[in-house]
Amino acid sequence: AAKAQGRNCFAHFEPGMDAAARERRDMEIDMRAALTRGEFLLHYQPAIDIASGQTVGYEALVRWNHPTRGVLYPGAFIPLAEETGLILPLGDWILNRAVEDLASWPDHLRVAVNLSPSQLRSGHVLGTIMRALAHGNVAPHRLELEITESTTLHNNETSVAQLHKLRNMGVRIALDDFGTGHSSLNYLRSFPFHKMKIDRCFVEGLGQREDALPMVRAVIALAHSLNMATTAEGVERPEQLDILRAEGCTEAQGYLFAQPEQASGIADLAQPADASRRSA
Ligand code: C2E
Ligand code: MG
Ligand code: MG
Ligand code: MG
């Protein structure tokens, strides 16, 4: 639009574009340094088995403790990490840290790690995971990988081959944010996921909007008919949990139970495994 209005107008917009490009470049430089300076950290949010009320695992959510900008959330840096390829070393760091943390937790707990599509396309994530599990002496079924719907993933041979190898090893595979992508049903046909995570936008309206329940009911029925467990994301109110329980949803996650926080602040994790929790 600026160009169409003539050269002067175009020139007028250029300094703004430079500033955006500079900011992006600065962030990229910062991100490279952040990896070596240890500025990334993981917060953990519990997933609760709805029938028993027990915590069954924790999802790892990455944060960046930026030296001048404060704590940054994934929405502020994961897209740039993906564009620049930095998601590969960052993703390796996340996997290694999460599995290392998991190794010190009670045996009945799992960790869920979010994977970017580019990590699967790169082909080396399988090796990273195998080494991390072996190093921590952790059973593969205690690791769950969360994969978001993306139009490219199921068309990519490397990605699909790695997912199958991971699944055959016993690693659990979850389809994250179900219902927000473009190829939901195609996706379900293309890979045998263990679990479907029902996106927060469907859970939000439960008990408040009439259209919420039929949608959630249909998604749970679809998942269960394909032998997939279900996790409801973003559960904030008791009435949402009551409805999800009545509908047979397997697990729930959300502020109703806990906000994501550092492992050191979570009592269940700070203590070594004890017999009472094991037999529960
Ligand atoms: P996600 O995997 O769907 O993660 C859930 C997001 O919802 C998290 O935001 C979490 O803090 C937030 N959340 C949890 N419970 C509630 C609730 O009750 N209400 C509301 N309003 N929000 C809730 P976060 O940590 O900002 O992460 C956003 C997204 O960034 C994640 O969505 C995931 O796609 C991505 N992400 C996070 N960590 C990683 C990572 O280590 N690697 C990659 N590749 N992506 C990550
Ligand atoms: Mg997730
Ligand atoms: Mg999710
Ligand atoms: Mg989500």
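Which element gives the largest share of the shell around ligand 1? Strand 2 does, with 4 residues. This is a predicted model. Some points on it follow.

1. **The pocket.** Ligand 1 sits in the largest pocket.

2. **The neighbours.** In total, 22 residues surround ligand 1. The closest are Arg-63, Asp-176, Asp-177, Glu-236 and Tyr-255. Sorted by class, the shell holds 9 nonpolar, 8 charged and 5 polar residues.

3. Look at the N and O atoms next. A backbone N or O atom of Tyr-255 is 2.8 Å from an oxygen atom of ligand 1. The side chain of Asp-177 has an N or O atom 2.9 Å from an oxygen atom of ligand 1. At Val-62, a backbone N or O atom lies 3.3 Å from a nitrogen atom of the ligand. On its own, ligand 1 has 800 Å² of accessible area, and the protein covers 81% of that.

4. **The metal site.** Which residues coordinate the magnesium ion (ligand 4)? They are Asp-177, through OD, and Glu-233, through OE, at 2.1 to 2.7 Å. Asp-177 also bridges this ion and the magnesium ion (ligand 3). The two ions lie 3.1 Å apart.

5. **Where the pair comes from.** Asp-177 and Glu-233 are 56 residues apart, so find both on the sequence. Asp-177 belongs to strand 6. Glu-233 is in the loop between strand 8 (229-232) and helix 10 (238-246). The pair therefore links distant parts of the chain.

How values were computed
Residues are numbered from 1 along each chain as its sequence is written. Chains are lettered from A and ligands numbered from 1 in the order in which they are written. This is a predicted model: local features need pLDDT of at least 70, side-chain atom pairs count only at pLDDT 80 or more; totals for chains, interfaces and linings use all residues. Side-chain values use heavy atoms; hydrogens and water are left out. A residue is near a molecule or strand if one of its heavy atoms lies within 4 Å of it. A polar contact is a pair of N or O atoms within 3.5 Å; within protein, one must be able to donate a hydrogen and the other to accept it, and residues adjacent in sequence count only if both atoms are side-chain atoms. Accessible areas come from the Shrake-Rupley method with a 1.4 Å probe; for residues, only the protein chains shown count as cover. On a 1 Å grid over the protein atoms alone, a cavity is a set of points where a 1.4 Å probe fits but cannot get out, and a pocket is an open set with protein on both sides within 12 Å along at least five of seven lines; lining residues have an atom within 4 Å of a point. A molecule sits in a cavity or pocket if more than half of its atoms lie within 2 Å of its grid points. Helices (H or I, at least four residues) and strands (E, at least two) are DSSP runs, numbered from the N terminus. Ala, Val, Leu, Ile, Met, Phe, Trp, Tyr, Cys and Pro count as nonpolar, Asp, Glu, Lys and Arg as charged, and the others, Gly among them, as polar. Donors are N, O and S atoms within 2.8 Å of the metal (3.2 Å for Na, K and Ca); water is not among the atoms, so sites may look incomplete.
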